Amino acid sequence: MAELSRRSLIVGSVVATAGALIPLARSLTSAETLPDGPPLPELPELDLSTPAGKPGTTTAVLTAGSAENGRLAYNGTGPGPGPLLRLREGDRIRLTFRNDLDAPSSLHLHGVPMPPATDAPLTHLAPGDSDVREFTLPPGSAGTYWYHPHAHGDVERQLLAGLAGPVVVTGPLDDQPALRDADDRLLMFTRTGREITVNGATRPVITARSGRTRLRLLNATAGDHLLLALTREDKRTTAHLIATDSGLLQRPVPLIEILLAPGERAELLVETTTPGRLTLRSLPYSVYGAGGQRTPDRPMAGIDIPADLSPLELPTSLLPVEKIDLSTAVRTRRLVLDGAGDGSYTIDGRTFAHDRVDLRATQGTLEIWEVENTHTMDHPFHLHSYAVQVLARDGKAEPFRAWRDTVNIPAGTTVRLAVPFRGDGGRTVYHCHIAAHEDLGMMGILEVAEADARPGEVPASDR
Ligand code: CU
Ligand code: CU
Ligand code: CU
């Protein structure tokens, strides 16, 4: 059980038991009897406008500033996440970010496809400064993303104070009846105090409006791994995974639990036709490997299912996910995540330096990255601008293909990734998405050279 729980998805045992109710291994704690919270808050949407002189471009403004009780907020929202940025594939967006904090900050649109120069993750904006990024959402980019500060050294404090907001991109595939008619709910997990909240509320309740509910799960905590499962009367129920970080899968994948590391997203379709109560729970999980201190079992949200909701078919096919031809890889690299014992965290034995390029690659090439975690705890590995596919976890082939931007690397394991450098080159970063670890050095700089800068050459490595 413990060993299985270390995997990101319990898929092997799931295919055989799809549709079944699996008893929880442990009897439930008194957490089950905690009182319900309010109805799930719907997050306010960010105002979008189309300026007269710029047809086809949508503009929006996000301002980071202080809020009540010492908290920070985007556009004064809260308590709870910043406004929802709702976009559509093909949209061209001109997004202004203004820093009204009394400390440097920056805006990062986590996972939203954009070139390194537009993402500009090394930018620190001084108090009172603003910047503008303009980008177009490519076909196939529909999915669940988020935005948050990226000012190295101060990310954890700003996240914990309330600076994070969701991004939902829709596309033509969302118009098929199996998705269009589902009850689409965004659940954004954040933690500002002792409790992890959902859209700013403790144990909120959803009343299902359709025979299938689409849960967009977004772990925007600064450092809490969430092993999530749906239960009905103490037994786990099967849900279908339809999307990971970087969008839709080829077809729904049945599962009974899913580990969402800090920064990660997943979308589930849940059958909501049998009247009663489903509970979304965070199950015990240890980031310190088997035998380590585990988080408590706790209910995160309830789903009340009224009678008479009509069944809705599962979609049979979603978005083709390319099978990458690994024979074209130009190199295999090993990256080592570790902790230095003095409170700093390292990648390849060193902490982050603003002016040092750690890895060099070339636009248009494919690399294999073996990310090894030699530390005593899990680290979620995040790469900007270039989506990756997991090939294997500790030698075990990944059971299905998916594009991702954040991949948990459990303590003592190695995860093998395919990393194609598509789109523009430029200077970007990779790091642990436990914000404190990133702040304390677990980040590196990747420079992807434009392909025509060095025609025909295999890129030189600095390692
Ligand atoms: Cu992020
Ligand atoms: Cu970490
Ligand atoms: Cu980042």
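Which residue in E17 is the bridge partner of His240? Keep that in mind and we'll get to it at the sheet.

**Before you click**

This is a predicted model, where local features need pLDDT of at least 70, side-chain atom pairs count only at pLDDT 80 or more, and totals for chains, interfaces and linings use all residues. Residues are numbered from 1 along each chain as its sequence is written, chains are lettered from A and ligands numbered from 1 in the order in which they are written, and side-chain values use heavy atoms, with hydrogens and water left out.

**Stop 1: copper ion, ligand 2**

Select ligand 2, a copper ion, and show His379, Cys432 and His437. They coordinate the ion through ND1, SG and ND1, at 2.0 to 2.1 Å. (Donors are N, O and S atoms within 2.8 Å of the metal, or 3.2 Å for Na, K and Ca; water is not among the atoms, so sites may look incomplete.) Along the chain, the spacing of these donors reads H-x52-C-x4-H. Now colour the strands: His379 sits in E26 (residues 379–383) and Cys432 in E32 (residues 426–432), so this pair ties together parts 53 residues apart in sequence. (Helices, H or I, have at least four residues and strands, E, at least two; both are DSSP runs, numbered from the N terminus.) Both His379 and Cys432 are buried, where buried means under 20% relative accessible area, exposed over 50% and partly exposed in between, with a 1.4 Å probe and protein chains only.

**Stop 2**

Next, pick ligand 3. This copper ion is held by the NE2 atoms of His150, His384 and His431, at 1.9 to 2.0 Å. His384 is in the loop between E26 and strand E27 (388–393), while His431 is in E32, so the pair links parts 47 residues apart in sequence. Both of these histidines are buried.

Around ligand 1 you'll find His110 (ND1), His148 (NE2) and His433 (NE2), at 2.0 Å. His110 belongs to strand E6 and His148 to strand E8 (residues 143–148), so they tie together parts 38 residues apart in sequence. His110 and His148 are buried too.

**Stop 3: a six-strand sheet**

Show the open sheet with the order E11-E10-E13-E19-E16-E17; its pairing is mixed. E11 (196–198) and E17 (247–255) stand at the edges with a single partner strand each, so one side of each has no neighbour in the sheet. From one strand to the next, the twist averages 25°; the axes are lines fitted to C-alpha atoms (for helices over the stretch in contact), and angles run from 0 to 180 degrees between N-to-C directions.

Zoom in on E16 (residues 239–244) and E17, which run antiparallel and are joined by five bridges. (Two strands pair if DSSP finds at least two bridges between them.) Here's the answer to the opening question: the partner of His240 is Pro254.

**Stop 4: the largest pocket**

Finally, select Pro113, Pro138, Ser385, Tyr386 and Ala387. Of the 35 residues that line the largest pocket, these lie nearest its centre. (On a 1 Å grid over the protein atoms alone, a pocket is an open set of points where a 1.4 Å probe fits, with protein on both sides within 12 Å along at least five of seven lines; lining residues have an atom within 4 Å of a point.) E17 and E26, which you've already visited, are among the elements that each supply at least two lining residues.
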